[in-house]
Amino acid sequence: MATLTTDVLVIGGGATGAGVAWDAALRGLDVVLVDRGDLAEGTSGRFHGLLHSGGRYAVKDPRAAEECIAENRILRRVAADGIEDTGGFFVTTPWDDPAYADRFAAGCAATGVDCEEIDRAVALKEEPRLNPDVSRVFRVPDASIDVWKTVWALARGAQQRGARVLPYHAAVAIHRDGDRVTGARLRGSRSGEELDVEAGVTVNASGAWAHFIAEMAGIEGVRVLPGRGIMIAMNHRLVNTCVNRCQMPTDGDIIVPIRTVCVIGTTDVHTDDPDDHTVIQSEVDAMLDDGEKLVPGFRQARALRVWTGVRPLFEDAKADSTETRDVTRAHALLDHEQRDGVQGFVTITGGKLTTFRLMAEETVDAVCRHLGEQRACTTSTEPLPGSEEHATYHLGERLERKEQHLSDHQLICECEMVPRWKLEQTMRRRATTNLDDIRRLLRLGMGPCQGGFCIYRATGILHGLDGLTAEQADETLRRFLQERWKGVWPVLYGDQLRQARLDDWIFQGVLGVEHLPA
Amino acid sequence: MRGELHYDAVVIGAGTAGLVAGARLAEAGARVCVLAKGVGSTHLAPGTIDVLGHAPERVSSPGGALEEFAAAHPDHPYAALGAEIVNDSLQWFLERVADGPLAGYRYVGSLERNHVLPTAIGALRPSALVPETMAAGDAQSGSDRVCVVGSRSLRDFHPALCAANLSHAGIAARAVDIEIEVDRADENALGLARRFDDPDWRKGFAARLALKLQADERVGLPAVLGARDPHGVLADLERRLGRRVFEIPTLPPSVPGMRLFEILRSALRRAGGRLVLGAEVVGHDRSSSRVNAVATHAGGRDVHYAAPWFVLAAGGFASGAIELDSSWATHERVLGLPLRGVPDQTEPRFVAEYLAEQPMSRVGVAVDAELRAEGVENVLVAGAALPGAVSWREGSGEGIALASGSHAAKLVLAQAGARTGAAA
């Protein structure tokens, strides 16, 4: 069995884990980053895409608001490439408590969240589809963030500094030597092979799965209560600004424009299993109703797909008093040396995407303490690969690049404007036979036709490029169709059902995929 | 009424079912108008006439299987139609192809035996009548190996994947990639078909391809062998290459489907029928048990089409004629007719496994045993608007469309005749 030796092993390739890897690599530490699946396939990749201004927490959780606005300003510089400066509105709809607006403004002022009340007419001019019955509108610096792009930039940045990034490698055992965690055994889900990692410090950055990893390390009392929320992507940008309900945080209170779609979210239902992605019909219905309150006519737009994500809500069962049980959305850094007398092991969980950099900074500070050497964090000033110019993403970017080559570059996915050369380059770079991995990087098949046209093309290209067998290619296609369907059918109505029926005709009627021999 | 036109029959929908109904009515002397929002499924489907392909195992003889299939599926359109009208409509169709606008182009086959044709991904599709341009692809025909030919220039066809799957199914196949110069990188099947219509271009193509072929191979190309003269293109290629050549249907737009549309449109027009595309039916005038007129809004004005008979052949969910709204209610949007086959509100509309049969699949306009819309005495339903079939899985779409379009025409003619007779 192969053995890797490293300073830091990071278990969990979400934004937090990738952020830890980037931070540690910048501090000159040797890093191995692993995930049981693809990077950002868990909670990070399953949210609405909001980079918080802090406005959402200005009243309820001032500390979170302060963290958010500080991180928002930092990430706009260092992770600009994945961020679109959409701006945000907090709007008081007829269903919201009108008294909240003043508390909101005061909360923003107290926490330093930039907030300006604007005239309704100005807001409606900027966002013509906004409910005209809103009574007050505040402008805040919300933004949208492409998590897959950002997490891969973190991983690439770390790799450029020597880090080894191993997606599809699950930790199957945590090695202990007395009071010290010394690394982990990994199993490659693609290769089936196992390997050992010997690490100075092991970071448990597995979020909603943190208790599983902690238990493997023999640590007790780490409890994560996964909170499941649903999100629905609509097929175009009904709004170009993040629009929030101006009220205490609740279900269905935000629409985030991201890339070519907009996403409404979310709900919060406790679940015992972080891998439970059940979509409940009543939640879908409630979400569509909520959309209607912000953007009248919302139900007439096409819903592309629905997904669920689990927030890791941390509860420390070792906390002193059961009356003040610390269930919080704030992040939790557990230094197991202090907490449990176990060296070489740190757990980071809870928190929110917007504050991933801060979480990583605190985590690597703890890692450095374990290693006995202080090294300064530079992630607040060092730009990620692709963000060196500090230029934020703008929606027309792909079209602008594509426009000069309209007649000489074959487009494989028209909805998301993915050219063939880009697809082939990504397939080679990722060395994967899973089109979902490609989808997360290129948004292949994520537009209105949900892969109807591009997936046969992409399968054919992948088959030719990698010399796949017929079995592998067919399996790739079927797996993508099944994965896609999972998010499609619970929100299938209206014109999107027409689209799905056209796709049925293509895949079943014309291609006959259900009768493939392999 | 201003802008009101009177016909003997108005057909709604210009897919296979609507065009067949319209043509057969017109041929019998009826003044008929076919109204449609746009072209129908012909431009998406492979252009073959599938009668019954899977039940659910692959069917070798659709004619032989039809009776048993209908008996086992009493709510299926075939149960109401019966084998005779299927056979009759296929014969009618073959004659219209022979007399059609594409010189020499014909369909081959019968109800006796399904062809087994390769798809663009290399699966096998059973089909009763197929264009002559596809016949040599039949997996059951000949011992010559298959050479699947494509081009990197055509993103909608992937010969290596097709050949790999065919080989896996026991059909000796290999793939060849040939360079084709295109004007646009996103050229589709129709663009290529226009090139194949050009004899000079074709000559050069054949010369380059011939160098890559081996003895005892037939050649499978994407379905692009000419939009105007497929018969001539096929004959020319077979002569130049000295072997059998066939088309493999691929992603829309479907060139063979467009030919099918042209054949049916021509049949309608030659019989004196009228086709109005871009004429979505946006309203109707109905008394208790009859539809009196339908209204279209096109070119900035409303036009009313009054007739004693209407044939609803506007399709199902795919065309938008039937809708499931965001409150999970279903509607027939053309005439507001009741539907059948809609799962109960407490039942799942769809199931989690994509390739399983979806509960919503069999929804259609509620009809009586004569395929008359329930509660309306002068509306007949045809094609994908009918309930009870999952045509893309069964491989039954064109069989149902031809037979139900013919059936609707016959019923209208019989009833109209009876009425005229009674009046006389």
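How many Å separate the centres of domain 1 of chain B and domain 2 of chain B, taken over C-alpha atoms? The separation of these two centres is 35 Å. The model is a predicted one, in which local features need pLDDT of at least 70 and side-chain atom pairs count only at pLDDT 80 or more, while totals for chains, interfaces and linings use all residues. Residues are numbered from 1 along each chain as its sequence is written, and chains are lettered from A and ligands numbered from 1 in the order in which they are written.

**Domains**

The bounds below come from an automatic or database domain assignment.

| Domain | Residues |
|---|---|
| Domain 1 of chain A | 2-43 + 148-224 + 313-371 |
| Domain 2 of chain A | 59-143 + 225-308 |
| Domain 3 of chain A | 397-515 |
| Domain 1 of chain B | 4-98 + 259-423 |
| Domain 2 of chain B | 145-243 |

In chain A, the C-alpha centres of domain 1 and domain 3 are 33 Å apart.

**Confidence**

Chain A has a mean pLDDT (the predictor's confidence in each residue, from 0 to 100) of 93, and 98% of its residues reach 70 or more. In residues 321-327 of chain A the pLDDT is below 50, and this stretch has eight contacts in the model beyond near neighbours in sequence. Two residues are in contact if their C-beta atoms, placed from the backbone, lie within 7 Å.

**Interface**

Between the chains, 45 residues of chain A are in contact with 37 residues of chain B. Helices (H or I, at least four residues) and strands (E, at least two) are DSSP runs, numbered from the N terminus. Helix 15 of chain A gives the largest share of that side, 11 residues.

Ala21(A) touches Val10(A), Val31(A), Leu33(A), Leu154(A), Ala155(A), Ala158(A) and Ala163(A), not counting residues up to four places away in sequence.

Val488(A) belongs to helix 14 of chain A. Val488(A) counts as buried (20 or more other C-beta atoms within 10 Å of its own, these atoms being placed from the backbone) because it has 23 C-beta neighbours inside 10 Å. Apart from neighbours within four places in sequence, Val488(A) is in contact with Arg305(A), Gln450(A) and Ala500(A). From Leu29(A), Val488(A) is 459 residues away in sequence and 43 Å away in space, C-alpha to C-alpha.

Note on methods. A residue is buried if 20 or more other C-beta atoms lie within 10 Å of its own, exposed if 12 or fewer, and partly exposed in between; C-beta atoms are placed from the backbone.
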